Amino acid sequence: MTTAEPSPFDHRMAVFDSDDGFVTAALPFLGEGLGASGEPPPVAIAAPRNLDLLRDALGPDAKDVTCIPHTDWYTGSAANAIAQAAAYLTAHAGPGGRLHLVMEPVWSGRAGRSARETTEWIRYEALANLLFARMATTALCAYDTRTAGPAVVAAARRTHPDTEVYEDPLRLAAELDAVPLPLPPAGALSLAEPHAATVQSWAVGRGLPAADAELFAAAVTETAAALAPLGGELLLWGVAPACVAELRSARRLDDPLAGFVPPADGPDPGPGLWYARQVCAYVDIRDDAQGATVRLQYA
């Protein structure tokens with residue numbers, strides 16, 4: 001299997017189990033950023049309580065650190081977090097993406113609400129090593145064992161190059177994708193063509209508000225365009241908010257970054273699988289000998 005190439009992206013991990021532990025990990029890292037010549041002020045993205053602790057510990061230097069509550073940063077799916085990071089670095093980082101960021105996911109919220117969601121955040125942590133490989137960004141991912149839990153921390157260690165158990169991100173992504181998707185239910189609606197109006201009408205009938213149904217339908221049609229030629233019918237099932245669509249492609253995708261790379265014109269939602277990942281809570285891709293299966297779940 002192909003392995004990831006070394007990159008200037010410095011992706012670190014800190015594990016702590018107390019308020020003092022967070023400050024002990026974050027303070028010298030922010031000091032490193034403050035002392036970096038020609039680099040914009042460092043950024044702390046963390047729980048509001050932890051931001052208060054940092055401001056107290058930083059003293060006069062607090063004015064030179066940008067503090068962002070993590071509930072304002074991690075507002076949706078893992079793919080949304082990638083878009084947020086890409087947009088922020090484009091707007092605020094120095095040359096080559098130079099910036100120090102402390103990043104504490106909301107493990108007591110969306111990121112930790114289910115094993116399925118946690119898997120996507122571990123995937124995000126692994127693929128970040130590839131997605132930001134060409135950027136000279138330095139990130140310290142902060143894991144509080146009081147909220148993240150031992151299983152999450154153990155998995156996250158495999159995604160950070162500064163740990164002794166780091167795994168190549170391509171190998172880890174392949175491991176996550178080796179888990180088979182559950183079979184569609186017997187009562188799934190089968191459509192010969194992914195017409196937006198038909199999908200939208202079905203989604204409204206399953207309880208999605210009109211605006212959400214329109215977004216879901218657009219995600220389906222954008223995915224269909226990206227997968228062309230299609231290798232089978234469109235399947236639809238579920239009830240709001242968890243409306244699900246499954247499409248087959250006659251060709252394999254063979255790309256663990258499919259839909260995670262922003263369009264060439266910027267980090268805003270664009271066509272194809274990028275749009276689908278920004279709109280839907282989950283986008284699952286499975287390659288096989290006959291092509292690829294892509295499953296979208298709206299929420």
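This is a predicted model: local features need pLDDT of at least 70, side-chain atom pairs count only at pLDDT 80 or more; totals for chains, interfaces and linings use all residues.
Pro229 sits in the loop that joins helix H9 (210-227) to strand E7 (234-237), where helices are DSSP runs of H or I with at least four residues and strands are runs of E with at least two, numbered from the N terminus. The peptide bond that leads from Ala228 into Pro229 is cis, with omega near 0 degrees.

Residues are numbered from 1 along each chain as its sequence is written, and side-chain values use heavy atoms, with hydrogens and water left out.

In the loop between E8 and H10 lies Asp254, a residue other than glycine whose phi is positive, near 50 degrees. Asp254 is exposed, with a relative accessible area of 51%; exposed means over 50%, buried under 20%, and partly exposed in between, using a 1.4 Å probe and protein chains only. For background, most residues other than glycine have a negative phi, and most peptide bonds are trans.

| Site | Backbone value |
|---|---|
| Ala228 to Pro229 | cis, omega near 0 degrees |
| Asp254 | phi near 50 degrees |

Helix H10 (residues 272-279) is mostly covered, and eight of its eight residues are buried. Among them are Leu273, Trp274 and Tyr275, as well as Arg277 and Gln278. The cover over these buried residues includes helices H4 (78-92) and H9 (210-227), together with strands E9 (282-288) and E10 (291-297).

For the protein chain as a whole, the secondary structure amounts to 10 helices and 10 strands, and 50% of the 299 residues count as buried. A compact globule of 299 residues would have a radius of gyration near 19 Å, and the 20 Å of the protein chain agrees with this; the radius is taken over C-alpha atoms, and the globule rule is 2.2 Å times the number of residues to the power 0.38. Along its principal axes the C-alpha trace spans about 65 × 40 × 40 Å. Of the contacts (heavy atoms within 4.5 Å) with a separation of 6 or more, 70% come from residues 24 or more positions apart.
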